[in-house]
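Hi,

Here is the structure I promised to pass on to you. Please open it first, and then read my notes below alongside it.

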Amino acid sequence: MTSQSNRNGILVMIATTFVFAVQDGISQHLAVTYNTFMVVMIRYWFFAAFVIAIATRRPGGVRATATTSQPVLQIVRGLLLAGEICVAVFGFTLLGLVESHAIFAIYPLIVIALAGPLLGERAGWRRWLAVLAGFLGMLIILQPGTGVFRAIAVIPFISAFMFALYSLATRYAARRDNAATSFFWTGVVGAMATTFVGLPNWEWMMPGDWLWMLALCMTGVFGHWLLIRCYELAEAGAVQPFAYFHQVFAALIGIVVFGEALRANVAFGATVILAAGVFALWRAYVQGRDD
């Protein structure tokens, strides 16, 4: 990859994070009024249609794309992501975007902590120090043992933990399946799982809210297309630190659109987590370039 390609990839990654932040804002808007499972289900229907459309354009079509020697792992991956999205959106309705994303930002550090025992990937002391700093930042946000601690603030941490497991399962699946196959199973399994829990919770939406639902689905498809394009343009290690713009944009939407407050401990804790995460990703990128 050239430096120009990496620069273009970084710009696309920042655009991707903005689109996903907008998607989170629309999800919060809809899930406050309607059942979370239903909102995520309809979102997944569009996602599944998107991955199937991509599969039909690949050599061998859907059949070749869906072929895998590890179907159980692919199903677990799909269930983890679908469950994580439901937990995350539910967390938005209780905590808002600012606090939810401040805590969720710890997921890359959870990946580092679990990659050793689960995948046999070894991290140096600097990255372990970043993990400890990140968890310190989360404690600053949660403030356990004080009168302001809210148990519901653990919900974004559960979401982050589930997404970390999904990320590790995706890494493991990549040893034998290509990205298109994993992407296909993610969309299809997620659509089936969310339909199972979403249809019994169906609620008819107001006509104007169907427009918001359409916007939610379109931002999801567009965001995933941008993400694919990003990794086509640039090295993953070069653009990954810029994925943290998702938290920044989501916080701005929460403050400007939803009138959420940015408490001092949340701002400070989030800064610690973001700094630790960027440092850990940078160390991983440097080590990967040196290998």
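What follows is a short tour of what turned up, residue by residue.

One thing to keep in mind from the start: this is a predicted model.

Let me begin with charges. Side chains of opposite charge can pair when their charged atoms come close. How many salt bridges does the structure hold? There is one. Its partners are Glu99 and Arg263, whose side chains meet with an N to O distance of 3.1 Å. The pair ties together distant parts of the chain, 164 residues apart: Glu99 belongs to helix H4 (residues 71-104), while Arg263 sits in the loop between helix H11 (245-256) and helix H12 (264-290). The two ends also have their own surroundings. Glu99 counts as buried, at 7% relative accessibility, whereas Arg263 is partly exposed at 31%.

Helix H4 has another residue to look at, His101. With a relative accessible area of 4%, His101 is buried. Its side chain makes a polar contact of 2.8 Å with the side chain of Asp24. If you set aside the neighbours within four places in sequence, His101 touches Asp24, Phe92, His246, Gln247 and Ala250. Leu226, by comparison, is 125 residues from His101 in sequence, and their C-alpha atoms are 21 Å apart in space.

Next, the cysteines. Searching the whole structure gives zero disulfides. Cys86 is buried, at 11% relative accessibility, and Cys230 is buried as well, with a relative accessible area of 0%.

A polar atom of the Thr194 side chain lies 3.3 Å from the backbone oxygen of Ala191. Beyond its neighbours within four places in sequence, Thr194 is in contact with Phe37, Val40, Met41, Tyr44, Ala82 and Leu199.

Together with Trp45, Phe46, Leu214 and Met218, Leu199 makes a nonpolar surface patch of about 460 Å². Which elements give two or more residues to that patch? They are helix H2 (36-56) and H9. Met218 is found in helix H9 and is partly exposed, with 47% relative accessibility.

Finally, two loop residues. Ala234 is placed in the loop between helix H9 (207-233) and helix H10 (236-239). Is Ala234 buried or exposed? At a relative accessible area of 3%, Ala234 is buried. Along the chain, Ala234 and Asn6 are 228 residues apart, yet 4.5 Å separates their C-alpha atoms.

Gly124 has its place in the loop between helix H5 (107-119) and helix H6 (125-142), and Gly124 counts as partly exposed at 29% relative accessibility. From Gly124 to Val39 there are 85 residues along the chain and 41 Å between C-alpha atoms.

That is everything I wanted to pass on.

Best wishes

Terms used. Residues numbered from 1 in each chain as written. Predicted model: local features only at pLDDT ≥ 70, side-chain atom pairs only at ≥ 80, totals over all residues. Heavy atoms only, no water. Polar contact = N/O pair within 3.5 Å; in protein donor to acceptor, adjacent residues only side chain to side chain. Contact = heavy atoms within 4.5 Å. Helix = DSSP H or I, 4+ residues; strand = E, 2+ residues; numbered from the N terminus. Buried < 20%, exposed > 50% of the residue type's maximum accessible area, 1.4 Å probe, protein only. Disulfide = S-S within 2.5 Å. Patch = residues over 30% accessible without salt bridge, like charges linked within 9 Å, V, L, I, M, F, W, Y side chains within 5 Å. Areas by Shrake-Rupley, 256 points an atom, 1.4 Å probe, with all protein chains shown as cover. Salt bridge = Lys/Arg side-chain N within 4 Å of Asp/Glu carboxyl O.
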